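Please read them with the structure open beside you.

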Amino acid sequence: MQDELEIGSLGRRLVQRFLQRRPAASVLEAVEGRVVAVASGKGGTGKSFLVTNLAVALHRAGRRVCVVDCDFGLGNAHLLFGVNPRLSMQHLLGGIAPVPEVLSPTPHGPTLVAGGSGISSLAELEVRHFELLARSLGTIAAAHDVVLLDCAAGISTQSLLTTLCAEHLVLVTNPEIAALTDAYALIKCLARQPRLPDIHLVVNRVLEPGQGRPTFDRLAEVTRRFVGRSLHYIGEVAENSAVSHRRLGQPPLIVSHPECSEAASIQAIMHGLELAIGPLVATVPPLGQGVERRLMRLLEER
Amino acid sequence: MIRGPIVPLSREGLWRLVQQRPELLERGLRVVAESLELGGARAGLVDGLMRDASGAAVLVFATDERDAGLPARVLAALAFWRRNAAAMPRALPEGDLRNIGSCRLVIVGTALPADVLATLERLQLQELEIVEVESFKVGGSERLALRSVRGRLAVASGAPIDEAIGAPALELMRAFVALVGKLDPRIRVDGDRFSRRASIDGQPLGECWFAEDRVHVAVDGESPSVVQGDADLRRLGDRIVRRYLAAIGQPVATVRQVTAARDGDAADARGGFDSLRASMSAARLTPDECMALGEGEDAGDPEPEAMAGG
């Protein structure tokens, strides 16, 4: 009887998979990279700094990494990578360029989809644009081990949508109260959605070693108390004048100052993330849990 | 209840019927002249000359069971018309006759004798069309039943549309037929050479006919209008669909309802955002939350944003 049940379940899974209307090749090769959103409640917390350095660290660890700048209006991840891509997300969503053409190589390994400019808000896009975005993210994820979504700062429909379509969320905050309250507001906002990704906290720009943990404890306690959700702490990065005063076009810190403590912190965060969510390598996602399906479901549930 | 007997229509009575209601025979028929004597004496007596929708002449013979000379009248009139067809438009300018090469002969009668019918059949006149009329009563009121014995008049449903009306009009009428045909396979379309009538389960939907060089349409319950192009056809389609929905008992949306529904769809398209926006507005921190976050914190001024941040 148990065998029959398992066979029936397998049959249903197969049927459901075929009903997803993906091309046959996609069904057979449904391996997908881990999609991690990096967000912050407040601008200037060091989110893009963390994304670029984490991406390089992962690349150096042998992972195929892609950074997608999801700040479609004011993307600047390409500046931190020191590249100036000709094509961006704007061209992708406009149907002007396919995914392979907007994937820009960077000097430090990861590929980048630049945010571009001109799309002030995802809310202004039509459903077909979202479907295109979902398919594009699916395509990108299928070709990488890790996809880091550099979400727009603040609480907006744009940042929330891109955050919710990820499998995991790395929330970047600072010890200061303004950053904490904004981070908490973002958590509170996301917690009202039906499927909240797991939230992992990075405290950036700590003034002294160890300051990240009490900052996390305070935010986690308030979140548990008022929202009923738990957070995971994955590390801190110290304030560094080399970061604060670096010029545009300079390589990421982990490249320019590989021996500094902040670079070590980035490595620790990478390991902490892998400890929390498992190896950052392409895997077969649970049925219906691919990034394309997640974003499509967000659209369907509207 | 005692009711009066059904009186068979006399020859004069039949002609009056045709004169008053020519559409019973065919859409677009118009009386041009009465009591014509074609071919001399009474041999070529024709009760009426009519013009059909394409402008062709139609000679109408009313007859009854005592009219033994009908075949002779028909032959004499036809012979006259064939001889003088080219001159008739000028001789009868009020008729606005066109397409004079063809002239149809329509016999309208009640219970035509079998020998007369046999004689007419032997003549093998392609132009000849015969309609029999019988009256009957419903609740005391007299009604008429017309049946086509020979020919393609209105009572003979399914006659092809006459190509003499011209390609544009032909196209419009065919579009009407195609339009109603797409709605429901149960819709029945019949008509004569110049008209098509659509109905479903006995309920009329609309009618389309050619008359006065134009295609007219009438959706049941509405005033007739002229169809001249695609825009008119689209409007007609909308009216037909509404009538169809009403006929099958489905609710018919008004423009306002449709607009509201469309706006609703647009709102649905943004629905995910609306949900997110609702979350955003609910994300405002309460005083308790602010206090809990600020415990033990020397808030001070926020640090300046680093260039690398964001």
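**Notes on the predicted model**

1. Cavities. The count of cavities of 30 Å³ or more comes to two. Bear in mind throughout that this is a predicted model. The second largest cavity holds about 40 Å³ of space. Its lining is made up of B:Leu17, B:Val18, B:Arg21, B:Leu24, B:Leu25, B:Val108, B:Val133 and B:Leu146. Sorted by type, the residues lining the second largest cavity are seven nonpolar, no polar and one charged. Rolling a probe the size of a water molecule over the atoms shows where empty space is left.

2. A covered strand in chain A. How many residues of strand β6 (residues 168–173) of chain A are buried? Six of its six residues are, so the strand is mostly covered, buried being under 20% relative accessible area. In a regular strand the side chains alternate between the two faces of the sheet. For β6(A), one side carries A:His168, A:Val170 and A:Val172 and the other A:Leu169, A:Leu171 and A:Thr173, and both faces are covered.

3. Neighbours of that strand. β6(A) runs parallel to strand β1 (residues 34–39) of chain A, and four bridges join the two. Within this pairing, A:Ala39 has A:Leu171 as its bridge partner. β6(A) is also joined to strand β7 (residues 198–206) of chain A, by six bridges and again in parallel. Here A:Val172 stands opposite A:Val202. Together with helix α9 (residues 177–191) of chain A, β6(A) and β7(A) make a β-α-β unit, and the unit is right-handed.

4. A covered helix in chain A. Helix α8 (residues 157–164) of chain A is mostly covered as well, with eight of its eight residues buried. Among the buried residues of α8(A) are A:Gln158, A:Ser159, A:Leu160 and A:Leu161. An α-helix has 3.6 residues a turn, so residues three or four places apart point the same way.

5. Salt bridges, with one from chain A. Over all chains, 24 salt bridges are counted. Side chains of opposite charge can pair when their charged atoms come close. A:Arg63 forms a salt bridge with A:Glu274, and their closest N and O atoms are 2.4 Å apart. This pair links distant parts of the chain, 211 residues apart: A:Arg63 is in the loop between α3 (47–60) and β2 (65–69) of chain A, and A:Glu274 is in helix α13 (residues 261–277) of chain A. Are these two residues buried or exposed? Both A:Arg63 and A:Glu274 are buried.

6. B:Arg16 pairs with B:Glu34 in a salt bridge, with 3.1 Å between the closest N and O atoms. B:Arg16 counts as partly exposed because its relative accessibility is 40%. B:Glu34 has a relative accessible area of 37% and is therefore partly exposed.

7. B:Arg193 forms a salt bridge with B:Asp52, the closest N and O atoms being 3.3 Å apart. The two sit in loops 141 residues apart: B:Arg193 between β7 (188–190) and β8 (195–200) of chain B, and B:Asp52 between β2 (45–51) and β3 (57–63) of chain B. B:Arg193, at 6% relative accessibility, counts as buried, and B:Asp52, at 0%, counts as buried. Salt bridges that share partners join B:Glu26, B:Asp52, B:Arg104, B:Glu129, B:Asp162 and B:Arg193 into one network.

8. Two buried residues to look up. A:Pro252 is in the loop between α11 (241–244) and α12 (253–256) of chain A. It counts as buried because its relative accessibility is 1%. A:Pro252 and A:Leu50 are 202 residues apart along the chain, while 9.4 Å separates their C-alpha atoms. In chain B, B:Phe61 is found in strand β3, and B:Phe61 is buried, with a relative accessible area of 0%. From B:Phe61 to B:Val46 the separation is 15 residues in sequence and 5.6 Å in space, C-alpha to C-alpha.

Conventions:
Residues are numbered from 1 along each chain as its sequence is written. Chains are lettered from A and ligands numbered from 1 in the order in which they are written. This is a predicted model: local features need pLDDT of at least 70, side-chain atom pairs count only at pLDDT 80 or more; totals for chains, interfaces and linings use all residues. Side-chain values use heavy atoms; hydrogens and water are left out. On a 1 Å grid over the protein atoms alone, a cavity is a set of points where a 1.4 Å probe fits but cannot get out, and a pocket is an open set with protein on both sides within 12 Å along at least five of seven lines; lining residues have an atom within 4 Å of a point. Grid points are joined across faces, edges and corners, and a volume is the space filled by probe spheres set on the points. Ala, Val, Leu, Ile, Met, Phe, Trp, Tyr, Cys and Pro count as nonpolar, Asp, Glu, Lys and Arg as charged, and the others, Gly among them, as polar. Buried means under 20% relative accessible area, exposed over 50%, partly exposed in between (1.4 Å probe, protein chains only). Two strands pair if DSSP finds at least two bridges between them. A crossover is right-handed if, with the strands pointing away from the viewer, the path from the first strand over the helix to the second runs clockwise. A salt bridge is a side-chain nitrogen of Lys or Arg within 4 Å of a carboxyl oxygen of Asp or Glu.
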